[in-house]
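Here is a short briefing on one protein chain. Keep the sequence and the coordinates open while reading.

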Amino acid sequence: DDVSSLPSRPPVVTIMGHVDHGKTTLLDWLRKSSVAAQEHGGITQHIGAFVVKMSTGRQITFLDTPGHAAFLSMRQRGANVTDIVVLVVAADDSVMPQTIEALKHATSAKVPIIVAINKIDKEDARVDQVKADLARHGVEIEDYGGDVQVVCVSGKTGQGMADLEENIVTLSEILDFRAEPDGMAEGWVLESSVKQNGKAATVLVKRGTLRPGDVIVAGKTWARIRVLRNEAGKELAEAPPGSPVEILGWRELPDAGQRVLQAPDEGRAKTAVEYRMEMAEREESSAQLA
Ligand code: GTP
Ligand code: NA
Ligand code: MG
């Protein structure tokens with residue numbers, strides 16, 4: 001296929017790093033709101049997913065991930081659905097266990113990294129030490145002759161944030177992400193929960209376009225899309241490739257991490273789900289026999 005003839009899509013940029021190194025704060029700066037202050041105990045409990053319109057007018061989809069040790073699978077998922085990883089390292093704390101883990105995820109998923117050394121406003125910031133530690137962990141940063149960009153920032157004062165934004169936009173333009181907007185849609189479940197108005201799942205659309213009324217299958221459940229919403233709760237007429245959307249209309253709640261595939265109609269969706277359940281049962285009984 002000639003990918004270059006397809007329309008552009010927003011790149012999916014995941015913010016990763018050790019707990020409390022400032023991931024949500026940097027994202028807040030980029031979307032000019034203040035989620036970090038509102039979060040319960042200041043810990044990101046879920047994958048926040050939203051589209052930011054950069055000052056260039058370009059749209060970028062950002063995924064926030066929790067640094068807390070208990071959320072390994074969410075970070076794995078984040079690395080897998082992403083095009084670019086922004087690795088946040090606090091200048092006063094340097095490389096820590098979740099920094100190394102994020103690096104492993106990004107490397108194994110072959111995702112390019114931009115390093116943001118954060119908290120450079122702090123008195124005990126040690127930027128050179130962080131760079132040396134990153135190099136020691138195999139990150140080929142530009143200061144040491146490699147091609148991984150390093151940007152020094154403060155999510156508190158905003159210092160360096162324009163540079164970070166520019167680096168993200170430039171890398172996105174070089175990598176030139178495109179996707180097929182027509183045909184059967186495909187995506188991934190980022191998170192799911194039961195809300196006041198029903199079973200809701202945040203889905204990142206990878207190809208195709210989802211619209212209310214469409215039928216989709218995820219694992220052993222399916223939905224006829226009742227409502228599509230963005231992260232601000234605004235109802236959408238469609239969700240093109242690269243967009244994260246909350247979807248209502250599920251029979252059962254799908255699990256996070258599951259692949260989403262559009263089905264032509266409810267009958268086909270039900271058949272697909274029944275088939276998957278039957279296969280799972282068979283696997284279970286053969287496991288019991290073994
Ligand atoms: P988790 O989601 O819990 O992993 O944390 P996080 O990486 O999202 O960090 P968060 O944005 O919640 O910031 C953690 C703490 O560091 C908060 O108290 C922030 O106010 C503070 N912080 C973030 N960025 C900076 C910075 O550039 N300078 C200073 N001084 N403090 C910062
Ligand atoms: Na935090
Ligand atoms: Mg956070």
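Predicted model: local features only at pLDDT ≥ 70, side-chain atom pairs only at ≥ 80, totals over all residues.

The chain has seven helices and twelve strands. Of its 290 residues, 47% count as buried.

**Overall shape and surface**

- Along the principal axes, the C-alpha atoms fill a box of roughly 60 × 50 × 40 Å.
- Take the contacts with a separation of 6 or more: residues 24 or more positions apart account for 72% of them.
- The accessible surface comes to about 14200 Å². Carbon and sulfur atoms hold 49% of that surface.

**Nonpolar cores**

- The largest nonpolar core has 23 residues. Val13, Phe62, Val86, Ile114, Leu164 and Ile168 touch the most other members.
- Seven elements are listed as giving two or more residues to this core: strand 1 (12-17), helix 1, strand 2 (49-53), strand 3 (59-64), strand 4 (84-90), strand 5 (113-118) and helix 6 (161-175).
- Helix 6 gives the largest share of this core, five residues.
- A second, separate core holds 21 residues, including Val95, Leu103, Val111 and Ile117.
- Beyond four places in sequence, Val13 touches Ile60, Thr61, Phe62, Leu63, Thr82, Ile84, Val86 and Ile168.

**Helix 1**

- Helix 1 spans residues 23-31. Its buried residues are Lys23, Thr24, Leu26, Leu27, Asp28 and Leu30.
- An α-helix has 3.6 residues a turn, so residues three or four places apart point the same way.
- In helix 1, Lys23, Leu26, Leu27 and Leu30 are among the buried residues.
- Lys32 follows helix 1, and its phi is positive, near 50 degrees.

**Asp133**

- Asp133 lies in helix 5 (residues 127-136).
- Is Asp133 buried or exposed? Its relative accessibility is 9%, so Asp133 counts as buried; the cut-off is under 20%.
- Leaving aside neighbours within four places in sequence, Asp133 is in contact with Ser94 and Val95. Val95 is also a member of the second core.

**Gln149**

- Gln149 sits in the loop between helix 5 and strand 6 (150-152).
- Its relative accessibility is 35%, so Gln149 counts as partly exposed.
- Not counting residues up to four places away in sequence, Gln149 touches Ile114, Val115, Glu142 and Asn167. Ile114 is one of the residues that touch the most other members of the largest core.
- Gln149 and Ile168 are 19 residues apart in sequence. Their C-alpha atoms are 9.9 Å apart in space.

**Arg224**

- Arg224 has its place in strand 10 (residues 221-229).
- With a relative accessible area of 34%, Arg224 is partly exposed.
- Which residues does Arg224 touch, not counting those up to four places away in sequence? They are Gly213, Asp214, Val215, Leu248, Gly249, Arg251 and Glu266.
- Arg224 and Thr56 are 168 residues apart in sequence. In space they are 36 Å apart, C-alpha to C-alpha.

Methods:
Residues numbered from 1 in each chain as written. Chains lettered and ligands numbered in written order. Heavy atoms only, no water. Buried < 20%, exposed > 50% of the residue type's maximum accessible area, 1.4 Å probe, protein only. Helix = DSSP H or I, 4+ residues; strand = E, 2+ residues; numbered from the N terminus. Contact = heavy atoms within 4.5 Å. Areas by Shrake-Rupley, 256 points an atom, 1.4 Å probe, with all protein chains shown as cover. Core = buried A, V, L, I, M, F, W, Y, C linked by side-chain atoms within 4.5 Å.
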